[in-house]
Amino acid sequence: MDNSFECEEPTFKKTNTPKKKRAARNELTTKEKERVNRKLFRQEWLNHEDFKNWLKKIPNHKLKCKCIACNIILSCSKSELEKHNKGKKHSDNVKSLRGLKNMSSFVNRPSKTSTKELHVVKTAEIKLAAFFAENNVSFQLIDKLTPLLKEIFNDSNTA
Ligand SMILES: [Zn+2]
C-alpha cells in the first residue's frame, strides 16, 4: 500500500482528480497533454527528412508505425524513431530499399519498348560498336546505323 504512490509522477500530487477525468474535462496542463500525445503518430513525420524514406503509418493504429526498410513495427514516439534511425542495420536496410526503388523506377519507366527489347538492342549496339571499332568503320556510319537497327528490331519484334 505504501509503495503505490512511489511510481506516480509529481503532477499527480497536486490534485486528487484522476488524470483521465481531467483529460476528459480538458483540464490537463500543457505538459501533461504533451505526455499524452507523445506516443501518437504524427503526420508531419512522413515529411521529416530523417523518417520519410522508411516510415509508414499503420492504418487505424495511432500508437504504432512501421519501418518499411526493416519491416518492423515501432512505437510512435519521436525518440524511439530517432533511435531506430541511427541503427546500423536500419541504415543498411534503408540503403537497399533505395536501391530497390531506383531499380523499379527503371524497370517501370513508361516506354513502349520492354526492358528485354531494350536490353537486346543495347547489347546489339555494343557488339556492333565493338565490331565497327575493330574494322575502322566511321562513327558517322554507326550513328546512322543505330536508329536503323532499332527500327529493324522493333518492326520484326524479335528483340
Ligand atoms: Zn528500420
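The structure is a predicted model, in which local features need pLDDT of at least 70, side-chain atom pairs count only at pLDDT 80 or more, and totals for chains, interfaces and linings use all residues. Residues are numbered from 1 along each chain as its sequence is written.

We begin with the sheet. Three strands form an open sheet in the order β1-β2-β3, with antiparallel pairing. The edge strands are β1 and β3, each of which pairs on one side only. On average, neighbouring strands of this sheet are turned by 40° against each other, direction ignored. Here strands (E, at least two residues) and helices (H or I, at least four) are DSSP runs, numbered from the N terminus, and two strands pair if DSSP finds at least two bridges between them. Axes are lines fitted to C-alpha atoms, for helices over the stretch in contact, and angles run from 0 to 180 degrees between N-to-C directions. In general, strands of a sheet pair through backbone hydrogen bonds, either parallel or antiparallel.

Strand β1 (residues 55–57) is joined to β2 by three bridges. The bridge partner of L55 in β2 is C67, and that of K56 is K66. The hairpin of β1 and β2 has six residues between the strands, and N60 takes a positive phi near 60° there.

Strand β2 (residues 64–67) has two faces: C65 and C67 form the covered one, K64 and K66 the uncovered one. Both cysteines belong to the largest nonpolar core, whose eight residues are F51, W54, L55, C65, C67, A69, C76 and L81. Such a core is a set of buried Ala, Val, Leu, Ile, Met, Phe, Trp, Tyr and Cys residues joined through C-beta atoms within 7 Å. A residue is buried if 20 or more other C-beta atoms lie within 10 Å of its own, exposed if 12 or fewer, and partly exposed in between, with C-beta atoms placed from the backbone. In soluble globular proteins, nonpolar side chains tend to be buried together.

Helix α4 (residues 78–86) lies across β1, β2 and β3, running at about 140° to β3. Contact means that the C-beta atoms of two residues, placed from the backbone, lie within 7 Å.

Lastly, K122 is found in helix α6 (residues 115–134). K122 is exposed because 10 other C-beta atoms lie within 10 Å.
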